[in-house]
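Please open the structure in your viewer and keep the selection tool at hand. The tour below moves from one selection to the next and says what is to be found at each stop.

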Amino acid sequence: MAVGGGINAAHAASFALPSAGTEIVGTVHVVHPRNGNTLLDIARHYDLGYQEIAAANPGISIWLPPPDARVVVPTEFILPPKPWTGIVVNIPERRLFYFPKPRHGAAPRVITFPLGIAREGWPTPLGRTRIIAKFKNPSWIVPQSIRREHEQQDGRPFPRYFPPGPDNPMGMLALETGFSEIFIHGTDKPWGVGMRPSHGCLHLYPEDAAELFPMVRRGTPVRIINDPVAAGRRRGKLYIAVFEPVADYPHAESLPTRAVAALVPYLPHRADPLLSSAIDLQRMQAAVKRRSGIPTPVSSGVPPLDRMLAEIKAQPYKLPPYGIQANTGVAPGADSSTVSE
């Protein structure tokens, strides 16, 4: 684990691709909330979603964290399985990884964003596709199935059409994938990022949509995966990150079995992790039970995660809260007329 100091994060989380033998990027921070900030304020500043900040801080109130609380900011990520090209979305992680083609002479990078994912019963398709179209200021003709669901739940008619603008559920920018009616887009309810608000689409914070949109070209490959366990190496040590599985994607193997399988490619001669002295099985089992999403060391002889977190010096988080005005499809501080192409 890499540990952090000051609060100087910026949108989006962008990292140089690690060298061979490493699959982990980023740094964990710890902050003390100040100025009435919620965990969601802190999460949005660090480009995290609801599930990420909540899972990393069990027992701390989302809305009223004590000012002396040690809020873990889990901005350390195990990269998805290769190939590292185009867009990769890991549904249980609720996160998008973008691997842009490097400019001539530039080092390759990865840029990552949190996502709102599909609600129960509306699973996003898994597999490979491409970005087939880009829309600035999209309108939305609401499918009949979605209107019917809203009317059954709310007892009143739901609009058939949303015009372009900050109150459009698609936000100000949208990338259309080759999967039918599946878009990667902004949202008029950014506090739902990290939750399960959609009918199959993938929601970005408005500021993240504004950053991603101009970088992505039509034809960019998209790969959507279902990996509730990620494994990787840093400085020769093995880590796993475990996320809450999404029930819409049933799997024949249990989560502990999938954790074991995720570690196999990183062991000498693909040894059995259950028999390998290099793996601390108790830590692996604890990570599976905790499901914090934080890369957790499972190599024998490495300090446990809790000790590593305790050694991070907490910094006061003094930025002002986002406020109700930030709950719109326009990025904070931006004007809808300046949305980038």
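**A tour of rings, charges and strands**

Begin by selecting F135, which counts as partly exposed because its relative accessibility is 35%, where buried means under 20% relative accessible area, exposed over 50% and partly exposed in between, with a 1.4 Å probe and protein chains only. This is a predicted model, in which local features need pLDDT of at least 70 and side-chain atom pairs count only at pLDDT 80 or more, while totals for chains, interfaces and linings use all residues. Residues are numbered from 1 along each chain as its sequence is written, and side-chain values use heavy atoms, with hydrogens and water left out.

Next, think of aromatic pairs, of which the structure holds six; rings of Phe, Tyr and Trp (its six-membered ring) pair if their centres lie within 6.5 Å, and planes under 30 degrees apart count as stacked, over 60 as edge-to-face and the rest as tilted. Because F135 lies in strand 9 (residues 127-136) and F183 in strand 13 (residues 183-185), the pair ties together parts that are 48 residues apart in sequence; strands here are DSSP runs (E, at least two residues), numbered from the N terminus. F183 is buried, with a relative accessible area of 15%.

Now select W140 and F162, an aromatic pair that is stacked, at 5.7 Å centre to centre and with 20° between the planes. W140 belongs to strand 10 (residues 140-141) and F162 to strand 11 (residues 161-162), so the pair links distant parts of the chain, 22 residues apart. W140 is buried at 17% relative accessibility, and F162 is buried at 15%. If you also select F158, you will have the cluster that ring pairs make of W140, F158 and F162.

Two charged residues come next, where a charge sits over a ring if NZ of Lys or CZ of Arg is within 6 Å of the ring centre and within 35 degrees of the ring normal. R44 lies over the face of W191, at 5.0 Å from the ring centre, and the charged end of K134 sits over the ring of F213, 4.6 Å from its centre.

Finally, which residue of strand 4 is the bridge partner of V31? Select strand 3 (residues 29-33) and strand 4, which pair in the antiparallel sense over three bridges, two strands being paired if DSSP finds at least two bridges between them. The partner of V31 is V71.

Definitions and conventions
Helices (H or I, at least four residues) and strands (E, at least two) are DSSP runs, numbered from the N terminus.
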